[in-house]
Amino acid sequence: MQPTPNTRSTEPTTGPGPQPAPAAGLPALAWLRAAGPLIALVLLCIAGALLNPDFATVDNLMNVLTRTAFIGIIAVGMTFVIVSGGIDLSVGSMAALIAGAMIVAMNALATGANPPGAAPMIVAGIALALACGAVFGIAHGLLVTHGRIEPFIVTLGSLGIFRAVLTWLSDGGALTLDFNLAEAYSPVYYQSVLGIPIPVWVFALVAFGGTVILNRTAYGQHVQAIGSNEQVARYAAIRVDRAKVLTYLLLGVCVAIATVLYVPRLGSATPTTGILWELEAIAAVVVGGTSLRGGAGRVMGTVVGAILLSVIGNILNLTSIISVHLNPAVQGVVIIAVAYLQRSRR
Amino acid sequence: MTVFIEKGNSMRFSNTLPARIALACALAAGLGTSHAAAPANVTLGVAIPTATHGFTGGIVWWANQAKKELEAANPGLKVIVKTAASTPEQANQVQDLLVVNKMNALVILPLESASLTQPVSQVKNKGVYVTVVDRGLTNPAAQNAYVAGDNSAFGRLPAEYLARRLGGKGNIVVLRGMPSTIDNERVNAFNAEIKKYPGIKVLDAKYGNWNRDDAFKVTQDYLTRFKGIDAVWAADDDMAIGVLKAIEQAKRTDIKEVFGGAGAKFAVKKVMDGDRLVQADVSYSPKFIYDAIKMTANARLKGEALPARTIIPSVLITRDNARQFYFPESPY
């Protein structure tokens, strides 16, 4: 499939909202397939509201969107990597290590000789997180392009490295943010602006930015072209290596943004932090209609996919019609059903 | 990260836990003979899980603590600690400990009961003295001694406590760990005890995977779903952290108690400090690996055997006795 960066970008919708209008020239059938995940999400929400009236409350909706933010933001970055034909298995461990590094650095500042105020320390922590994410991303990208190692292996290796370093930093236990700092930092997760929690705003911004970059810029077209056919992209004078490194860099920064929102939630990092986030992020991307083989993808599909995955968990928690032992089976059935709805795009 | 160990830690061990009299006696006897003439050479292999969460982090720390203290006290003793992330890895380590390190005693916390029974049984047949900790093997003949925490008290004590605390009447929500025999044993004991109080209703029990983040989500959804909750049995101190944050976020004031479990240092600290929601805990300390290593080493140095079964009691921790369960240097 040729890259078709002509999907009209609309307002970022982080919930069951209006579907982007079908762009001119896109066949109706393709549009239906593209809307598959959204239709599934709407159906799931109706089912949720019928099973438990509390599901359809604003508070519950905000809970779900806020907890989706971590995976959702990472999944937006993951969309770029997967569209370009790559994969990143390390994101969960990377998030955990960045969280740990932030906490260690901020605690060191707080207990240092001349502790600055809480705000500068938090800003320093955030800057460190973004820097770490960017460096890790670039390292992945360079190993994949210049090192010519399969991305699966590169990121499987770094998955182990990141988590091991965190476990070592925390001595196997938990790294906990200084109490006063945690208090000062917690609004970043718990505070709302205009009735919408900050993580949801950030998620919306990242999704909007991702949509624009993937569909509206030359770089986005290059990424899609590389995933479609790397050889042809090279012949078309696209700087393939540079574009690929940039996808990993983008993902690294997305992981860092997610971590910046994650740390104020519990104020701690443990060796279980971010466990299996990579699978959830990849599942969100694929459920959202991006092929694992790369080439084409939609950021908004990924957003819907991420919300879908957490809505399933939320509905299962709000009801007790089946044995808790069967919950993962329900998740599996829904994921396969959604994938079926938007199948055979290639 | 370097951990600085307070001097005299081994002395503190023997007098801080009155509940563990049997253990303390065994240890005191062991300390008494540690400077006896020409101790036998003992190479003790220790096979434990890698630190994947707070509790196993504690296991690794306490095992190394025991190694440090024992090797300093007994020149003829060598303790080799191996951590494994998977069952096959642990089985290989057990083999290596025998073939490469020539161990003659093994303390093992099996990652899984069934699949490690055979490898352990093989080394026992070659004359290695085997102490199994926490998770029993499927064939008890594969072990010389078994040391474990009390999982049924881990469930029963919180049920008793919460029933008393709520005056025999109220709604409780439960978080479970991961689907496993340990979790079943605890939850069954909790349910059996709570059934004695007809005024207490368990609204639901969902898995939080012994993980702070999952517990946070499950609790958020409990709070959405149930408007009146009197107490939460979080069944684990790590999960209790997520529970407390979710309650704080929802600004709910109906909940009177959040009961964790295992006696992690931050939870014991809350009990000591008189937290509004965390007023009690139940001990299930990773320190049992330390006890098991010390008991095995000291018994083997004297050529003695351990009792076939040692159950380290789970004790209710309240403000009165919390100080005895507070180990600030341990990561857990």
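Reader: Which domains is chain B divided into?
Author: This is a predicted model. In it, chain B has domain 1, covering 9-150 + 285-315, and domain 2, covering 151-282.

Reader: How many residues of domain 1 are in contact with domain 2 in chain B?
Author: Domain 1 of chain B puts in 8 residues, and they meet 11 residues of domain 2.

Reader: What classes do the residues on the domain 1 side fall into?
Author: On the side of domain 1 of chain B that touches domain 2, there are 2 nonpolar, 5 polar and 1 charged.

Reader: Let's look at sheets. What is the strand order in the open sheet of chain B?
Author: The order is β7-β6-β8-β9, 4 strands with parallel pairing.

Reader: Which are the edge strands?
Author: They are β7 (200-207) and β9 (257-259) of chain B. Each of them pairs on one side only.

Reader: And what does the twist average?
Author: From one strand to the next, the twist averages 15°.

Reader: Which helix packs on that sheet and touches β6, β7, β8 and β9?
Author: That is α6 (residues 151-165) of chain B. Its direction makes about 175° with that of β9(B).

Reader: Which strands does α7 of chain B lie across?
Author: Helix α7 (residues 181-194) of chain B lies across β6, β7 and β8. It runs at about 170° to β7(B).

Reader: Back to the strands. How many bridges join β6 and β8 of chain B?
Author: Strands β6 (residues 170-176) and β8 (residues 231-233) pair over 3 bridges, in the parallel sense. In that region, V173(B) stands opposite V232(B) of β8(B).

Reader: New topic, chain A. At what angle do α13 and α14 pack?
Author: Helix α13 (residues 277-287) and helix α14 (residues 299-318) of chain A pack at about 125°, and their axes are 7 Å apart.

Reader: Why is α13(A) called oblique to α14(A)?
Author: The angle of about 125° makes α13(A) oblique to α14(A). The crossing of α13(A) past α14(A) is right-handed.

Reader: Which residues make the contact?
Author: From α13(A) come E280(A), A283(A), A284(A), V285(A) and V287(A). From α14(A) come T302(A), G305(A), A306(A), L308(A) and L309(A). By class, this contact of α13(A) with α14(A) has 7 nonpolar, 2 polar and 1 charged residues.

Reader: Last one. How many residues does each chain give to the contact of chain A with chain B?
Author: Chain A gives 27 residues and chain B gives 30 residues. On the chain A side, α3 (58-83), α6 (151-169), α12 (240-266) and α14 each supply at least two residues. That side divides into 8 nonpolar, 14 polar and 5 charged.

Terms used:
Residues are numbered from 1 along each chain as its sequence is written. Chains are lettered from A and ligands numbered from 1 in the order in which they are written. This is a predicted model: local features need pLDDT of at least 70, side-chain atom pairs count only at pLDDT 80 or more; totals for chains, interfaces and linings use all residues. Domain bounds come from an automatic or database domain assignment. Two residues are in contact if their C-beta atoms, placed from the backbone, lie within 7 Å. Ala, Val, Leu, Ile, Met, Phe, Trp, Tyr, Cys and Pro count as nonpolar, Asp, Glu, Lys and Arg as charged, and the others, Gly among them, as polar. Axes are lines fitted to C-alpha atoms, for helices over the stretch in contact, and angles run from 0 to 180 degrees between N-to-C directions. Angles under 35 degrees count as roughly parallel, over 145 as roughly antiparallel, 65 to 115 as roughly perpendicular and the rest as oblique. A crossing is left-handed if the near helix is turned anticlockwise from the far one by less than a right angle, and right-handed if clockwise. Two strands pair if DSSP finds at least two bridges between them.
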